[in-house]
Amino acid sequence: MNTKLDKLGAFLKPKGRVAVALSGGLDSSVLLAVAAKVLGGGNCLALTARTPYTMADEIFDAAALCRKLGVEHPEISRSEIPEEILFNPPDRCYLCKRAIFSEFKTVAEQRGFGTLCDGTNADDLSDYRPGMRALRELSVVSPFLECGLGKSDIREIAHGFGMAVADKPAYACLLTRLVHGEKIDVRTLSKIDKFESFLRANFVLAVRARVESETVRIECVPSDFRKILDGAERICAFAQSLGFKHCSLDLAGYKRGSMNVVQ
């Protein structure tokens with residue numbers, strides 16, 4: 001791992017000052033930690049988007065990391081769903097990332113940071129990631145991808161740094177829990193966020209709450225089914241307290257991007 005970490009450090013060092021798009025997840029958190037180690041916290045800028053479809057836990061984790069590293073951390077806030085993604089189109093990720101990263105670039109440049117980086121890694125090439133097109137169009141730099149590092153490499157770096165995020169499951173924006181083509185309701189996004197936070201705090205860490213009409217469908221790996229079933233009564237009661245009429249467990253298990261419509 002030292003070789004890979006050294007390679008990453010050698011890639012970042014000539015940049016001098018970098019801005020990092022920080023979601024609070026594993027990849028971007030480790031990238032920021034490495035950049036702060038190589039360049040110094042004062043030569044790094046972390047940018048986070050606070051939107052109705054951002055997980056509250058992720059924003060909290062992002063802010064905590066920046067305080068620890070001594071990195072300035074401005075937020076880009078949006079209180080409403082942008083018109084272009086209001087009906088959750090299949091290219092939602094591209095449209096959203098294009099808009100948010102455009103704002104990130106503007107803020108970074110205004111503060112004297114000419115390089116904007118993100119946590120895209122080598123494993124992302126095998127997944128459906130329409131947002132990567134926006135990154136290319138905006139010339140966002142992806143150091144992990146450039147250095148050939150995948151998810152296991154990033155976790156290893158995190159463990160080496162003693163980061164709490166090292167074993168954090170991969171999460172995604174809350175819009176991935178909704179059906180394409182239906183109008184997005186901010187209140188539903190809030191309910192999903194609260195429900196998933198409840199599940200992570202009490203039952204399983206790796207979980208998705210997919211919503212179709214008035215039903216919330218829990219996805220987790222089959223080995224965690226028993227934890228959900230043992231807490232079924234409590235889970236259903238909490239789901240109903242949020243306003244969901246029905247709560248179910250998907251026996252097919254967790255599937256990344258199960259709500260995607262691939263164009």
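**Exercise 1.** Work out whether F195 is buried or exposed.

*Solution.* Start with the cut-offs: buried means under 20% relative accessible area, exposed over 50%, and partly exposed in between (1.4 Å probe, protein chains only). F195 has 0% relative accessibility, so it counts as buried. Now try F238: its relative accessible area is 25%, so this residue is partly exposed.

A quick note before going on: this is a predicted model, where local features need pLDDT of at least 70 and side-chain atom pairs count only at pLDDT 80 or more, while totals for chains, interfaces and linings use all residues. Residues are numbered from 1 along each chain as its sequence is written, and side-chain values use heavy atoms, with hydrogens and water left out.

**Exercise 2.** Count the aromatic pairs, then classify F195 with F238.

*Solution.* Rings of Phe, Tyr and Trp (its six-membered ring) pair if their centres lie within 6.5 Å; planes under 30 degrees apart are stacked, over 60 edge-to-face, the rest tilted. That rule gives five aromatic pairs. For F195 and F238, the centres are 6.4 Å apart and the planes are at 15°, so this pair is stacked. Next, locate them: F195 is in helix 8 (residues 186-202) and F238 in helix 10 (residues 232-242), so the pair ties together parts 43 residues apart in sequence. Helices here are DSSP runs (H or I, at least four residues), and strands are too (E, at least two), numbered from the N terminus.

**Exercise 3.** Classify the pair of F195 and F244.

*Solution.* With 6.3 Å centre to centre and 55° between the planes, this pair is tilted. Both F195 and F244 are buried.
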